[in-house]
Amino acid sequence: MAVASENLPITIIGGGLAGCVMAWALRARNREVVLLDRGEEVTASKVAAGIVNPVTGPKLTKTWRLEQLWPAALNFYDSIRKKTGREVFRQMPLIRLFNSPREARQWEKRLGSPGYVECLASVALDPGNDLKAQYGAITLENSGYLGIPEFIALTREMLGAGWRSGQSREVQEEGITLFCEGVSGAANPLFEWVPFKPAKGEILTLSIPGLDQQRIVNCGGAWLLPVGGGQFRCGATYDWGCSEPKPTAEGRRVIEERLGRFLQLPYEVIDHQAGIRPVVRESRLLCGMHPSQSRVGFFNGLGSKGVLNAPFFAGNFADYLCGGGPIDPEVDLCGNI
Ligand SMILES: Cc1cc2nc3c(=O)[nH]c(=O)nc-3n(C[C@H](O)[C@H](O)[C@H](O)COP(=O)(O)OP(=O)(O)OC[C@H]3O[C@@H](n4cnc5c(N)ncnc54)[C@H](O)[C@@H]3O)c2cc1C
């Protein structure tokens, strides 16, 4: 492990969720960090809702390695609260409304598999009259959301002069360069062999007068996240292969049509944004060193679960860089392409 033992300074390229989580993980291990970010106005991290949802998709599948990733994420965000006095991650129950009798039956089946009962909150919440729940609902724990822009701002404060504005793909001669470029990584010649599958997402911000909701509501294709002041984020679309992060009338129509399946109250759309999720192969992040450049690293592919997945694997990668052990084989860049 030649790189790890040298205690070299580390330059992180990209100050989105990936680069910021890496910066905290490395600073916690007393490594010198400089982060370079080009300050784009629209990025996945700047538009994302930042939700952690333990059970996803039409098949109600427990998210990959939840038992390990959830406590690691909670510890990580809590360590930031302790260091800064600011709570960027808010734990919040999630109420999952079933879309159909089939989904309700699917959940009954799921309860026979290991790990599913543990996702249920001990006290089930009542969906209330403002939401249609004709096929039933469950209340899940292990959920919440990260204010990603707030988290990025805190990282910037923490790094001080170590946060630099600008754009570069230059590899540092004197240290380690870690590329955390999000979807822009797909155009990085050093990593042109990484199979990126970018997925555009559109998201709305709504004002819903009269909706008193303190939990995340998810109804399969759409969700509502209360963010305070009577406002809610609502999304999100998935559009594979689209490279323009521009909101569209069609994206808004799709989200509103799905919202109408479960929200019984009038609302007003006050913002509409879009971003491109950095998805790589099977929607799992990848990290590790370049196969032929031992001082060039990669941490990317956070997909739609970055808030949950990044803390554990940034810790693992940071341990590796500090000589503390191997990279997890399921995410190791070199073993998985
Ligand atoms: C609509 C939508 C909703 C989402 N909802 C959720 C959710 O609820 N939960 C969840 O976990 N995830 C969600 N995501 C996904 C999440 O946003 C991403 O997984 C995560 O933010 C990706 O972070 P990143 O740092 O890899 O990339 P980015 O956010 O793209 O950040 C990369 C940064 O690097 C900078 N950069 C790139 N190249 C260079 C360079 N060469 N030099 C300098 N700077 C550079 C960019 O300007 C940018 O600031 C959502 C995404 C979208 C689009």
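User: Thanks! Which hand does the crossing of α2 and α8 have?
Analyst: Keep in mind that this is a predicted model. Helix α2 covers residues 17-28 and helix α8 covers residues 306-321. Where α2 passes α8, the crossing is right-handed.

User: Are α2 and α8 parallel, perpendicular or oblique to each other?
Analyst: Their axes are 9 Å apart and meet at an angle of about 45°. Angles under 35 degrees count as roughly parallel, and 65 to 115 as roughly perpendicular. The two helices are therefore oblique.

User: How many nonpolar residues does the contact of α2 with α8 have?
Analyst: On the α2 side, the contact is made by Leu-17, Val-21, Met-22, Ala-25 and Leu-26. From α8 come residues including Val-307, Pro-311, Phe-317 and Leu-321, and also Gly-306 and Gly-315. By class there are two polar residues and no charged ones, while the nonpolar residues number 12.

User: How is α2 placed against α4, roughly parallel or roughly perpendicular?
Analyst: Helix α4 spans residues 66-84, and its axis is 12 Å from that of α2. The packing angle is about 70°, which makes the two helices roughly perpendicular.

User: Which residues of α4 make the contact with α2?
Analyst: Here α2 passes α4 in a left-handed crossing. By class, the contact has five nonpolar, one polar and one charged residues. Val-21, Trp-24 and Ala-28 take part from α2, and the α4 residues are Phe-76, Ile-80, Lys-83 and Thr-84.

User: What area do domain 1 and domain 2 bury between them?
Analyst: Domain 1 is made of 1-50 + 147-195 + 280-337, and domain 2 of 83-143 + 199-277. Their C-alpha centres lie 29 Å apart, and 17 residues of domain 1 are in contact with 18 residues of domain 2. Of the area buried between them, 62% is on carbon and sulfur atoms, and the total is about 1400 Å².

User: Which three residues supply 35% of the area that domain 1 buries against domain 2?
Analyst: No other three residues of domain 1 supply more of that area. The trio is Val-47, Ala-49 and Leu-154.

User: Which residues does the cis peptide bond join?
Analyst: Look at the loop between β15 (231-235) and β16 (239-240), where Ala-236 has its place. Omega is about -20° for this cis bond, and the residues joined are Gly-235 and Ala-236.

Terms used
Residues are numbered from 1 along each chain as its sequence is written. This is a predicted model: local features need pLDDT of at least 70, side-chain atom pairs count only at pLDDT 80 or more; totals for chains, interfaces and linings use all residues. Side-chain values use heavy atoms; hydrogens and water are left out. Axes are lines fitted to C-alpha atoms, for helices over the stretch in contact, and angles run from 0 to 180 degrees between N-to-C directions. Helices (H or I, at least four residues) and strands (E, at least two) are DSSP runs, numbered from the N terminus. Angles under 35 degrees count as roughly parallel, over 145 as roughly antiparallel, 65 to 115 as roughly perpendicular and the rest as oblique. A crossing is left-handed if the near helix is turned anticlockwise from the far one by less than a right angle, and right-handed if clockwise. Contact means heavy atoms within 4.5 Å. Ala, Val, Leu, Ile, Met, Phe, Trp, Tyr, Cys and Pro count as nonpolar, Asp, Glu, Lys and Arg as charged, and the others, Gly among them, as polar. Domain bounds come from an automatic or database domain assignment. Buried area is the accessible area (1.4 Å probe) that two parts lose on being put together, summed over both.
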